[in-house]
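Please keep the sequence and the coordinates in view while reading.

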Amino acid sequence: MPSRPDLFTSEASTMPSTAPADPPTTAPSRLGVAFEQLAAVIYASADYDGINSALVSAAVELVDGCTHASLMLRGSRNDFRTVAATDDVARLVDELERRHHEGPCVDAIIEVAPQLVEDFRTDDQYPTLASAVVARTPVRSAAGFRIVVEDSKVGALNLFSDEPGGLDERSVDQAIVLASFASVALGAVNSRLQAATLAKGLDSNREIGKAVGLMMAFHKVGDDEAFALLRKASQDMNMKIAEVARQVVEHHNRR
């Protein structure tokens, strides 16, 4: 006689479930979290200093083997200056590159491809720099990655390792992503500051226009004569003409 099925086991319960399984939950990646934090800094920053510091700090966190990092920018006279660094070691290597007019970071601004020195002790591409770096710093490996803003080669993200071969192909791939992000970030800040400067200029021009109009009416003169009076007052008071104009308008509004 066939046995009865267990009262607590139904036929349906033995069938495979067709309900979709809950998707597995994964923790956000280190890279994703870091870029999220960088984006927040960029959104909140009103100038370059905060962005520059965040970028070099992120390099040490995100790029395998990176011990120190710096950001070097090209000046209007085609000179180079370090605008951010994680420490004095990174600043010193930048200074040595500028002093000896050679190095992966300086070349990265000029060349298209990233520049990598795997071991300064055996490097023959930058012999003078390599000798100085080995003698004066713990750095043994370095790489430079060009930063481009609005099609202009503005600088380089520079990475340094205290280990020979500490920066390798994997490090280069990671740094290329970060340098690309840096280019976008600095471009965004540049556009934001340009817009703010333009808005400020327009406000100043409006104030000057109002003041000229008031002085034309008060002194019964033309616009050229009224502007000349405003400019003379600016010189006599050693104040910017926009500030004098603002005071003229405020004085009128208080009457």
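**A buried charge and its surroundings**

E97 is buried yet takes part in no salt bridge, and the nearest side chain of opposite charge, that of R98, is 8.3 Å away. Here buried means under 20% relative accessible area, exposed means over 50%, and partly exposed lies in between, computed with a 1.4 Å probe on protein chains only. A salt bridge is a side-chain nitrogen of Lys or Arg within 4 Å of a carboxyl oxygen of Asp or Glu. For opposite charge, Lys and Arg count as positive and Asp and Glu as negative, while His and the chain ends are not counted. The model is predicted, so local features need pLDDT of at least 70 and side-chain atom pairs count only at pLDDT 80 or more, whereas totals for chains, interfaces and linings use all residues. Residues are numbered from 1 along each chain as its sequence is written, and side-chain values use heavy atoms, with hydrogens and water left out.

E97 is found in helix α4; helices (H or I, at least four residues) and strands (E, at least two) are DSSP runs, numbered from the N terminus. When its neighbours within four places in sequence are set aside, E97 is in contact (heavy atoms within 4.5 Å) with E102, G103, P104, C105, V106 and L129.

**Salt bridges**

Within it, the side chains of E95 and R99 meet at 3.8 Å, N to O. E95 and R99 are 4 residues apart in helix α4 (residues 88-100), and therefore separated by about one helical turn. E95 is partly exposed, with a relative accessible area of 31%, and R99 also counts as partly exposed, at 45% relative accessibility.

Beyond the end of this helix, H101 is found in the loop between α4 and α5 (104-110). H101 has a positive phi of about 55 degrees although it is not a glycine. The residue is exposed, with a relative accessible area of 70%.

A search of the whole structure finds 4 salt bridges. One of them joins the side chains of D64 and R170, at 2.6 Å from N to O. This pair links distant parts of the chain: D64 lies in the loop between α3 (48-62) and β1 (68-74), R170 lies in helix α7 (residues 169-219), and the two are 106 residues apart. D64 is partly exposed, with a relative accessible area of 26%, whereas R170 is exposed, at 52%.

D119 and R121 form another salt bridge, their closest N and O atoms being 2.9 Å apart. D119 counts as buried at 15% relative accessibility, while R121 is exposed at 54%.

**Cysteines and the whole chain**

The structure holds 0 disulfides, a disulfide being a pair of cysteine sulfur atoms within 2.5 Å. C66 is buried, with a relative accessible area of 8%.

The secondary structure of the chain comes to 9 helices and 5 strands. Read along the sequence, these elements follow the pattern α-α-α-β-β-α-α-β-α-β-β-α-α-α. Buried residues make up 35% of the 255 residues in the chain. Among contacts with a separation of 6 or more, residues 24 or more positions apart account for 58%.

Helix α9 (residues 241-254) has 14 residues and reaches 20 Å from its first C-alpha to its last, close to the 20 Å expected at 1.5 Å a residue. That expected span is 1.5 Å times one less than the number of residues in the helix. V244, A245 and V249 are the buried residues named in α9. They cover an arc of only 135 degrees around the axis, which puts them on the same side of α9.

Conventions: The arc is that of the directions from the helix axis to the C-beta atoms.
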